[in-house]
Amino acid sequence: GNILKSINEAVFIPGNWNQDVCTECRTAEFMERNYVIVFTWQKQDGKTISRSFTHLPVKREPVSQNATVELTAIDPQKRTAVLKITTKSFLKDFWIYSSKTGIQFDRNFLNLLPGTHEIKITFENVPVLADFEMKWL
């Protein structure tokens, strides 16, 4: 897919608060198109959080075998590694998992736009790429 619109806006949120976002996305032009809205923000402790929401009124063909995964930055002493996911298509509700016990993912069940994405993992025993499988809608 193509990026239809990108908005960067800094907003101070003093507790519970509502704000209209992407009012342009509520026009007839956008209501009949598939799109993903991604919100990314930084907490006071510096941690970055991201959430995405999909609007998919147009039926999509299932995407098959359109993503690859690499296991990188393996650190056996810290027991950490990075899974690098590359996709050429939008993947709704992407899930990566392992039947090997002791692996924890820093995030999962994601809407992935085309491109490369990283998921950090921690482990008890050093994993190999064959330990991981992926699914999506």
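User: In what order do the elements of the chain run from the N terminus on?
Analyst: This is a predicted model, in which local features need pLDDT of at least 70, side-chain atom pairs count only at pLDDT 80 or more, and totals for chains, interfaces and linings use all residues. Residues are numbered from 1 along each chain as its sequence is written, and side-chain values use heavy atoms, without hydrogens and water. Helices (H or I, at least four residues) and strands (E, at least two) are DSSP runs, numbered from the N terminus. The chain has one helix and nine strands, and the order is α-β-β-β-β-β-β-β-β-β.

User: Which strand supplies the largest share of the lining of the second largest pocket?
Analyst: A pocket is an open set of points on a 1 Å grid over the protein atoms alone, where a 1.4 Å probe fits, with protein on both sides within 12 Å along at least five of seven lines; lining residues have an atom within 4 Å of a point. The lining here numbers 18 residues, with Ile-49, Ser-50, Arg-51, Arg-107 and Leu-110 nearest the centre. Strand 1 (35-42), strand 2 (48-55), strand 7 (110-112) and strand 8 (115-122) each give at least two residues. The largest share, five residues, belongs to strand 2.
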